[in-house]
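The sequence and structure are shown below.

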Amino acid sequence: MSDRDVAFAEYFAARSSAMRATAFLLCGDWHRAEDLTQTAFTRLYLRWNRVHRHESLDPYVRKVLISAFIDETRWGWWKRERPHDARIERTTDPDPTEDRVTLMRALAEVPPRQRAVLVLRYWQDLTVEDTAAALGCSPGTVKSQEARGLQTLRTLVAHPVKAD
């Protein structure tokens, strides 16, 4: 294994779970979250030698993850990969409480850009400026998307949509 591969493998082992959790909050599905995480880390690996400052890896991977999520929502169902019969077995699945399920359902209904802002601001605990950098927009856009997203989330939590 080259030094590059060793460094990448160490970073992947240390950060993939956190990025997968972020992806889950964005899309609300563990299988899609796994795909988004894999896409983000594949793109990172391809550009590993160009990322000179390894302290900036988390923001880079986060930005790729969010871009992949937003791009996927634009594509529509016909361009997504189709799952096959093989299942990915998880050793520990989350044990959601009723409140968490309600919140996750509501978060899934928030528009993608607003959802990305909420996840970055409240899950990743990023500043407005860091969120703007991750999304490639102005701090004012982050603030307005955050306000709209929170209002949408409050409305959806107060009046939950019944699952089928």
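## Salt bridges

The structure, a predicted model, holds 4 salt bridges. In one of them, the side chains of Glu-34 and Arg-20 meet with an N to O distance of 3.4 Å. This pair links distant parts of the chain, with Glu-34 in helix 2 (residues 30–46) and Arg-20 in helix 1 (residues 3–27), 14 residues apart. Arg-20 has a relative accessible area of 15% and is therefore buried, the limit for that class being under 20%.

Another salt bridge is formed by Arg-32 and Glu-72, whose closest N and O atoms are 2.4 Å apart. Here too distant parts of the chain are linked: Arg-32 belongs to helix 2 and Glu-72 to helix 3, and the two are 40 residues apart. Arg-32 is partly exposed, at a relative accessible area of 22%, whereas Glu-72 is buried, at 10%.

A further salt bridge joins the side chains of Arg-121 and Glu-146, at 3.3 Å from N to O. Because Arg-121 lies in helix 5 and Glu-146 in helix 7, the pair ties together parts that are 25 residues apart in sequence. Both Arg-121 and Glu-146 are buried.

## Packing of helix 5 and helix 7

The two helices tied by Arg-121 and Glu-146 also pack against each other. Two packed helices are described by the angle between their axes and the distance between the axes. The axes of helix 5 (residues 112–123) and helix 7 (residues 139–158) come within 8 Å and cross at roughly 95 degrees. The two helices are therefore roughly perpendicular to each other, a description that covers angles of 65 to 115 degrees.

On the side of helix 5, the contact is made by Arg-113, Gln-114, Val-117, Leu-118, Arg-121 and Tyr-122. Helix 7 contributes Val-142, Gln-145, Glu-146, Arg-148, Gly-149, Leu-150, Thr-152 and Leu-153. By class, the residues of this contact divide into 6 nonpolar, 4 polar and 4 charged. Both partners of the Arg-121 and Glu-146 salt bridge are among the contact residues.

## A buried arginine without a salt bridge

Side chains of opposite charge can pair when their charged atoms come close. Which side chain of opposite charge is nearest to Arg-62? It is that of Asp-58, 4.6 Å away. Arg-62 is buried yet has no salt bridge, because a salt bridge requires the nitrogen and oxygen to be within 4 Å.

Arg-62 is found in helix 3 (residues 57–75). Leaving aside residues up to four places away in sequence, Arg-62 touches Met-19, Leu-120, Gln-124 and Leu-126.

## A positive phi at Asp-125

Asp-125 has a phi near 60 degrees, a positive value in a residue other than glycine. The residue is placed in the loop between helix 5 and helix 6 (128–135). With a relative accessible area of 64%, Asp-125 is exposed.

## The chain as a whole

The secondary structure of the protein chain comes to 7 helices and 0 strands, and the pattern read along the sequence is α-α-α-α-α-α-α. The chain has 164 residues, of which 35% count as buried. Among contacts between residues at least 6 apart in sequence, 66% join residues at least 24 apart.

Conventions: Residues are numbered from 1 along each chain as its sequence is written. This is a predicted model: local features need pLDDT of at least 70, side-chain atom pairs count only at pLDDT 80 or more; totals for chains, interfaces and linings use all residues. Side-chain values use heavy atoms; hydrogens and water are left out. Helices (H or I, at least four residues) and strands (E, at least two) are DSSP runs, numbered from the N terminus. Buried means under 20% relative accessible area, exposed over 50%, partly exposed in between (1.4 Å probe, protein chains only). Lys and Arg count as positive and Asp and Glu as negative; His and the chain ends are not counted. Contact means heavy atoms within 4.5 Å. Axes are lines fitted to C-alpha atoms, for helices over the stretch in contact, and angles run from 0 to 180 degrees between N-to-C directions. Angles under 35 degrees count as roughly parallel, over 145 as roughly antiparallel, 65 to 115 as roughly perpendicular and the rest as oblique. Ala, Val, Leu, Ile, Met, Phe, Trp, Tyr, Cys and Pro count as nonpolar, Asp, Glu, Lys and Arg as charged, and the others, Gly among them, as polar.
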